[in-house]
Each structure stands twice: as structure tokens, then as C-alpha cells.
Amino acid sequence: MSLVSKEILAFNAKAYDPQKEEFVDVSNEDFKGAWSVLCFYPADFTFVCPTELEDLQEQSDKLKELGVNIYSCSTDTHFVHKAWHDHSEAISKITYKMIGDPSHLISNNFEVLDENGLAQRATFIIDPDGVVQAFEINADGIGRDASVLIDKIKAAQYVRANPGEACPAKWKETGETLTPGLDLVGKI
């Protein structure tokens, strides 16, 4: 069963907040009231993960312009996140909250926990009501490109603001949309 159009389940967790340089509490309630991107990854102090999280940081200004909060999450603790932030050139650039999920509750809630107890490479776009609008899961060896989130979020925001319209493939913010209906059946 897909998590798209489902409200995220309740959780409470500790996170490392690099902007405040402190540990903070994060819950599902923090995902309400604004758009959010939640980026799961297998583990701190690894190889592909820092490239993905650094790439996500490089898109953070564009995401903030869209009103999007960014979170990362792995099954490591918030303490390990801080140590990684303190010792990795790539991770030291991160300004978004890094959620620890050692209990596996969040990874289970989002159905991304693998058989080894690690989170899969998964990215979720969550709307201001705390509802999943899109997600992507990649195999371990396939790193993600955070730039693709920009158009997906713009499309999700457009559809939310314009009920009854849909964004076709390769839609860009200034592009035409579709109004699904009987008149379009078999004509596209």
C-alpha cells in the first residue's frame, strides 16, 4: 500500500540542529504548517550518503524560497549525527535538522526500514497538513539528485492551490496544466 495521500504517523525523536548547534526534539507535528522534505539514508560515516546530504544542502536555498523545511533521518543517534557533522567536510555544510531514529519507529512508519535495520535511500515530500504527496526510494548504490525536488514541489504546490488541475510530465512552473475530464479521454 502506498503512503501517498496518507498523513504521516506520530513520532517523537531527537535531532541534531546544526544551525543552533544543539540537540532538539522533533515530532510529526513539526511537519505541519509548512512543506517538508524528509530524506532517509542508510548510515552516517558512509560513502554515498554524504554526497546526497551535501547535494540536498546545495538545494536548500531554493527549497527555502518555496517554503520547504528540510530534514534528514537515519537509524543512527543524534549524537552520531553531531559527530559526523563535526568531522566530515561534506556534512559540516549541512544546516538542516538531522533526525536520529535508533528505535526504528520513524523508518518503520515510513516503510523504509531494510532487513539490516538501516533506512533505505528514500525522499518524501510532505504537505503542510502532514500528508505525503510524493516519495522516491532508491537502491543502496544509487545516489539521489536533490535538484529534481524543486519541480516536484512546485507541481505539488500548484496542484494544492488549484484543485481539479494536474501537471503533465516535465511540467515547469510556467507550463500548461491539464484539467482532467471526459473531454481529454483518448486525446492526449
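This is a short tour of one protein chain, stop by stop, for use beside the open viewer.

The model is predicted, so to speak of local features a pLDDT of at least 70 is needed, side-chain atom pairs count only at pLDDT 80 or more, and totals for chains, interfaces and linings use all residues. Residues are numbered from 1 along each chain as its sequence is written, and side-chain values use heavy atoms, with hydrogens and water left out.

**The whole chain**

Along the principal axes, the C-alpha atoms fill a box of roughly 55 × 35 × 30 Å. Of the 188 residues, 46% count as buried, where buried means under 20% relative accessible area, exposed over 50%, and partly exposed in between, with a 1.4 Å probe and protein chains only.

**Helix 5**

Next, select residues 148–161, which form helix 5, a helix of 14 residues that reaches 21 Å from its first C-alpha to its last, close to the 20 Å expected at 1.5 Å a residue; the expected span is 1.5 Å times one less than the number of residues. Show the side chains of Leu-149, Ile-150, Ile-153, Ala-155, Ala-156 and Gln-157, which are buried. The buried residues of this helix pack against several elements, among them strand 3 (35–40), helix 1 (48–58) and strand 6 (121–126).

**Strand 3**

Stay with strand 3 and pick Ser-36, which lies in it and is buried, with a relative accessible area of 1%. Leaving aside neighbours within four places in sequence, Ser-36 is in contact (heavy atoms within 4.5 Å) with residues including Phe-31, Val-68, Tyr-71 and Phe-124.

**Helix 3**

Now move to helix 3, residues 78–87, where His-78 lies. His-78 is buried at 14% relative accessible area, and, not counting residues up to four places away in sequence, it touches Lys-14, Ala-15, Tyr-16, Phe-23 and Gly-100. Beyond four places in sequence, the contacts of Trp-84 include Tyr-41, Phe-45, Cys-49, Leu-53 and Met-98. For a distance across the model, draw a line between the C-alpha atoms of Trp-84 and Thr-177, which are 93 residues apart in sequence and 43 Å apart in space.

**Two loop residues**

Most residues other than glycine have a negative phi. Select Phe-45, in the loop between strand 3 and helix 1, whose phi is near 55 degrees, a positive value in a residue other than glycine; at 47% relative accessibility, Phe-45 counts as partly exposed. Finish at Glu-21, in the loop between strand 1 (12–17) and strand 2 (22–27), which has a positive phi of about 55 degrees although it is not a glycine. Is Glu-21 buried or exposed? With a relative accessible area of 64%, Glu-21 is exposed.

Conventions:
Helices (H or I, at least four residues) and strands (E, at least two) are DSSP runs, numbered from the N terminus.
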